[in-house]
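Subject: Structure handover

Hello,

Here is the structure you are taking over. Please look through it before reading the notes below.

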Amino acid sequence: MFRHTHGLASYPTCGVHFVSAALSAAISAYCILKSPQGFLGEERRQKCYVQESDEEEELSLSSSSPHTLMTRLRASSSFGVVPLGVGVIQAEAALPSSGSTAADLKTWRNQRRREVEQNPKAPCQATAAPLFGRFIDHFLDTAHAGGGMVAPPPPPPPARRPHDMPLYTKQGVPTFILPTRQRVVAIGDLHGDLGKSKEAFRLAGLIDKDGHWSGGKTLVVQVGDQLDRGDDEIALLYWLERLKYEAHNAGGMLVTMNGNHETMNVSGHFRYATPGAMASYERWRALERLGERLKGGAKHAGRRDAGRASSVDAAAIAPPMELVGEPAGTMARFEALQPGGPITLRFLAPQPTVLVVGSSVFVHAGLLPGHVEQGLNFINAATCEWMRGHLAVPNFLLGRHAVVWTRAFSHIRRDRTDCATLMESLSALRQTNQAPFASRMIMGHTIQQPGGLNSACNGAALRVDVGLSKGCGDAPPEVLEILDDGRGGVRRVSKPTHVGDLLVE
């Protein structure tokens with residue numbers, strides 16, 4: 001159904017008229033059916049009022065205590081006593097406090113009846129609008145994912161929101177430490193290639209043939225660089241988000257991290273973005289605007305506006321000078337990925353920049369002793385707040401020695417890998433108790449070809465970027481598997497159903 005939404009985005013005016021008409025008709029039909037003046041006619045209306053009168057007498061407003069009255073009034077609201085089409089949620093919101101007197105309750109009820117008689121559709125529309133708003137959000141997510149999100153499970157309860165998962169603090173800031181699992185899988189840079197990304201996940205037995213989670217309780221860490229060099233950036237981000245929910249519901253976990261290409265794009269530097277990716281952001285913006293028009297603007301915008309940092313105004317942030325005069329897709333990309341932008345807020349800001357799992361330290365490029373001194377929690381929190389639009393870009397993200405840029409531990413020539421500094425960093429992590437058992441660092445960033453995924457420094461450096469994206473060499477996918485925090489072995493998996501080559505005993 002949703003595989004041709006790019007055509008809809010190309011004609012936003014036609015899309016607005018067509019979808020608006022369809023949704024308006026659906027809402028109207030829903031409200032007519034719920035209204036006492038609807039297809040059931042005056043007979044139904046009279047029956048509803050008779051029912052109300054009987055139940056009102058049964059409530060015995062003059063003799064019951066206020067607490068009893070509130071309890072019984074709430075119980076009866078689902079039968080139309082909170083009259084005629086008002087949903088339970090709206091009725092609960094409008095109910096007076098439990099300390100009200102019987103006269104207060106009767107006055108409130110009569111007032112509610114008069115409000116509905118004057119505009120019978122209003123309560124229904126108040127109920128229906130959020131439902132259709134969620135439908136539109138799902139429609140847009142499916143379109144952005146290229147059809148990959150058709151018919152997902154319903155939204156999880158609050159306890160399963162990403163910010164409530166173990167990876168995040170109560171403030172939504174990524175933490176830097178997680179308990180280990182029996183099986184941990186590390187996956188390198190993906191660079192906008194959805195097809196090859198799925199191959200890598202399937203190689204590790206993490207997804208089925210349809211791209212849904214099948215990895216059980218496995219913990220997966222993707223070490224950053226979802227953006228640039230490929231056309232599928234947006235679809236990849238939405239697919240990874242859905243996979244996080246599916247993994248969580250199955251007892252597993254998927255963590256995606258920030259790399260240098262995420263920080264570059266949030267800074268407005270797009271030199272590695274492909275023309276296809278640029279065009280996808282123009283389509284993304286057109287569909288988002290279509291969705292807001294369908295939902296009637298900010299009044300029913302729902303979750304898409306709720307997460308935006310209130311201190312950031314997209315129109316108030318000037319784009320870098322090199323973007324002025326560029327094609328429309330460039331500005332759409334800037335609006336989406338700037339600090340506080342909707343793509344950044346939804347996908348990138350919640351991602352950690354450094355992560356500790358048992359004795360393994362995950363980072364996109366490398367942690368130098370100076371980074372350890374700044375503190376892992378500070379690195380994650382400052383990166384998150386910068387991406388939200390609350391801080392300037394942190395210094396540890398800038399320059400050739402940055403946590404997302406250094407190649408000290410990932411140089412393709414092992415004799416140029418700085419093992420002494422790596423051991424100093426791991427020792428500092430243990431001594432400061434930030435990673436009490438740190439014995440290895442796992443990184444991407446530098447393509448390990450020829451040769452593929454490998455280890456250096458006697459297994460203390462594990463380099464997992466194999467250049468799988470078509471924009472980075474189109475190499476066969478490989479993944480790293482750590483069993484029982486290394487006690488069961490550290491292996492390179494390069495073939496399906498293959499146990500893997502032992503890298504570290």
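The notes below go from the whole chain to single residues.

This is a predicted model, in which local features need pLDDT of at least 70 and side-chain atom pairs count only at pLDDT 80 or more, while totals for chains, interfaces and linings use all residues. Residues are numbered from 1 along each chain as its sequence is written, and side-chain values use heavy atoms, with hydrogens and water left out.

Overall

The chain holds 17 helices and 12 strands (DSSP runs, H or I of at least four residues for helices and E of at least two for strands, numbered from the N terminus). It has 505 residues, of which 52% count as buried (buried is under 20% relative accessible area, exposed over 50%, partly exposed in between, with a 1.4 Å probe and protein chains only). Of the contacts between residues at least 6 apart in sequence, 70% join residues at least 24 apart (a contact is heavy atoms within 4.5 Å).

Cores

The largest nonpolar core has 48 residues (a nonpolar core is a set of buried Ala, Val, Leu, Ile, Met, Phe, Trp, Tyr and Cys residues joined through side-chain atoms within 4.5 Å). Helix α16 (residues 376-388) gives the most to this core, with 6 residues. Leu 422 is one of the residues with the most contacts inside the core. Beyond four places in sequence, Leu 422 touches Phe 409, Met 441, Cys 457, Ala 460 and Ala 461. Another core lies apart from this one and has 42 residues, including Leu 194 and Met 257.

Sheet

Six strands form an open sheet of mixed pairing, in the order β1-β5-β6-β7-β9-β8 (two strands pair if DSSP finds at least two bridges between them). At the edges stand β1 (177-178) and β8 (454-456), each with a single partner strand, so one side of each has no neighbour in the sheet. Strands β5 (354-357) and β6 (360-363) pair in the antiparallel sense over 4 bridges, and Val 354 has Val 363 as its bridge partner in β6. Helix α17 (419-431) packs on the sheet and touches β6, β7 (440-443) and β9 (461-463); its direction makes about 115° with that of β7 (axes are lines fitted to C-alpha atoms, for helices over the stretch in contact, and angles run from 0 to 180 degrees between N-to-C directions).

Single residues

Gln 226 lies in the loop between β3 (219-222) and α9 (233-249) and is buried, with a relative accessible area of 0%. Its side chain makes polar contacts with the side chains of Gln 222, at 2.7 Å, and Gln 351, at 3.4 Å (a polar contact is a pair of N or O atoms within 3.5 Å; within protein, one must be able to donate a hydrogen and the other to accept it, and residues adjacent in sequence count only if both atoms are side-chain atoms). Gln 226 is also in contact with His 191, among others.

Most residues other than glycine have a negative phi, and most peptide bonds are trans. His 191, a buried residue at 4% relative accessible area, has a positive phi of about 45°. Asn 458, in the loop between β8 and β9, has a positive phi of about 60° and is exposed at 84%. A cis peptide bond joins Gln 449 and Pro 450.

Regards
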